[in-house]
Amino acid sequence: MAEPLERAIDSWAAYRSALIETVDRASSSLLIFDPDLAETGFEHPAGVDTLKQLLLRSAQLVAVRILLQDSGFLERQCARLLTLLGQYNQKIEIRLASDPRALPDAAFVVADGVHLVTRFHSARPRGKCCVDDARSTAPLIAQFETLWVSATPGPSGVQLGL
């Protein structure tokens, strides 16, 4: 296994770039914990394409799990992402955290259990990007899984024909 690498992130552009790099690095799974996805850039064409490529190369039943505090931004502003969700709804699952008081201040993305991009506080871009660093990702994965169990289903991307 490669030596872990870590670099600081101090701007929104650097954060979004690190997210794209991390998703590109992923071969099978992605965990996303974010208040609303508004600052991730996943709605932009490059973000959607990067996520789509992961979905195509992953053999995981559910390759991308997203845990949000609020789905409003996703539902109102992310048409491309919702289209991707509709096309690959069997490989992407979105849930909404049930108890906002129990949520961490940080936002993070973990790829394949070893690559990490995190913002230390979800309202600011300051954070870090870690590559091949299971030690940094382990506590966040445990936190994600704990919150995931009690979360409620979020948007599915599937249009209901009512």
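Me: Which residues touch the most other members of the largest nonpolar core?

Reply: Leu30, Val64, Leu81 and Ile92, out of 31 residues in that core. A nonpolar core here is a set of buried Ala, Val, Leu, Ile, Met, Phe, Trp, Tyr and Cys residues joined through side-chain atoms within 4.5 Å. Elements giving at least two residues each include β2 (30-34), α2 (45-57), β3 (64-68) and α4 (79-87); helices (H or I, at least four residues) and strands (E, at least two) are DSSP runs, numbered from the N terminus. Bear in mind that this is a predicted model, where local features need pLDDT of at least 70, side-chain atom pairs count only at pLDDT 80 or more, and totals for chains, interfaces and linings use all residues. Residues are numbered from 1 along each chain as its sequence is written, and side-chain values use heavy atoms, with hydrogens and water left out.

Me: What makes α2 roughly parallel to α4?

Reply: Their packing angle is about 15°. Angles run from 0 to 180 degrees between N-to-C directions, with axes fitted to C-alpha atoms over the stretch in contact. Under 35 degrees counts as roughly parallel, over 145 as roughly antiparallel, 65 to 115 as roughly perpendicular and the rest as oblique, so α2 is roughly parallel to α4.

Me: Why is Arg124 called partly exposed?

Reply: Its relative accessible area is 48%. Buried means under 20%, exposed over 50%, and partly exposed in between (1.4 Å probe, protein chains only), so Arg124 is partly exposed. Arg124 lies in the loop between β6 (115-119) and β7 (127-131).
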